[in-house]
Amino acid sequence: MFNDCPICQRLWNEYADATMTHATLKQKVEIAEFEHNQRAAQGLEPRMNAAEGQMNETRIAFIDHTTTHQTAEPKAKVLHARFSG
Ligand SMILES: [Zn+2]
C-alpha cells in the first residue's frame, strides 16, 4: 500500500469495510445455524453473499489500482545492483 496516495487509502478502506461487514454477517449466519434457526440463516445469507461480492470487487479495484504505481520494479533494481557490482 502507498500511504501517500489518497486513492490507495480510499480503496483499501472500502475493502477493509467490506471484509468487516462480511465477517460480521458470516458470524451471524453461523450462530443462526448453530441455533438451528433456518429462517434467520436464510435471511442473512443473501446479505452475506452480497458482502462477499463487494469484498471481491473492492479487492480487485485495489490491486488494479496499485499496479499503476509499479513504475520501478524492485526486482530489476536488485539485478541491476548485482551486475553493476
Ligand atoms: Zn494509489
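Biologist: How many helices and strands does the protein have?
Modeller: Bear in mind that this is a predicted model. Read along the sequence, the protein follows the pattern α-α-α. The count is three helices and zero strands.

Biologist: What distance separates the end C-alpha atoms of helix α1, and what span should its 29 residues give?
Modeller: Helix α1 covers residues 6-34.

Biologist: Which element do the buried residues of α1 pack against?
Modeller: The buried residues in α1 are L11, W12, Y15, A18, H22 and V29. Their packing partner spans residues 38-67. That partner is α2.

Biologist: How do the axes of α1 and α2 run, roughly parallel or roughly antiparallel?
Modeller: The two axes come within 8 Å of each other. They cross at roughly 160°. Angles over 145 degrees count as roughly antiparallel. Therefore α1 and α2 are roughly antiparallel.

Biologist: Is the crossing of α1 past α2 left-handed or right-handed?
Modeller: Two packed helices are described by the angle between their axes and the distance between the axes. Here the angle is roughly 160° and the axes come within 8 Å. As for the hand, α1 passes α2 in a crossing that is left-handed.

Biologist: Which element gives the largest share of the largest nonpolar core?
Modeller: This core has nine residues: L11, W12, Y15, A18, V29, L44, M48, A51 and M55. The elements that give it two or more residues are α1 and α2. The largest share is five residues, and it comes from α1.

Biologist: What percentage of the 85 residues in the protein is buried?
Modeller: In soluble globular proteins, nonpolar side chains tend to be buried together. A residue counts as buried if 20 or more other C-beta atoms lie within 10 Å of its own. In this protein of 85 residues, the buried share is 12%.

Biologist: Which residues is A51 in contact with, leaving aside its neighbours within four places in sequence?
Modeller: A51 belongs to the largest nonpolar core. A18 is in that core as well. Beyond its sequence neighbours, A51 is in contact with A18, T21, H22 and L25.

Biologist: Is T21 exposed or partly exposed?
Modeller: T21 has its place in helix α1. Its C-alpha atom is 9.9 Å from that of A50, 29 residues apart along the chain. Around T21, 17 other C-beta atoms lie within 10 Å. A residue is exposed at 12 or fewer and buried at 20 or more, so T21 is partly exposed.

Biologist: Where is H36 found, and what is its phi?
Modeller: Most residues other than glycine have a negative phi. H36 is not a glycine, yet its phi is positive. With 8 other C-beta atoms within 10 Å, H36 is exposed. H36 is found in the loop between α1 and α2, and its phi is about 55°.

Biologist: What distance separates the C-alpha atoms of I63 and L11?
Modeller: I63 lies in helix α2. I63 is exposed, with 11 other C-beta atoms within 10 Å, whereas L11 is buried. I63 and L11 are 52 residues apart along the chain, and their C-alpha atoms are separated by 9.2 Å.

How values were computed. Residues numbered from 1 in each chain as written. Predicted model: local features only at pLDDT ≥ 70, side-chain atom pairs only at ≥ 80, totals over all residues. Helix = DSSP H or I, 4+ residues; strand = E, 2+ residues; numbered from the N terminus. Expected span 1.5 Å × (residues − 1). Contact = placed C-beta atoms within 7 Å. Core = buried A, V, L, I, M, F, W, Y, C linked by C-beta atoms within 7 Å. Axes fitted to C-alpha atoms, helices over the stretch in contact; angles between N-to-C directions. Parallel < 35°, antiparallel > 145°, perpendicular 65-115°, else oblique. Left-handed = near helix turned anticlockwise from the far one by under 90°.
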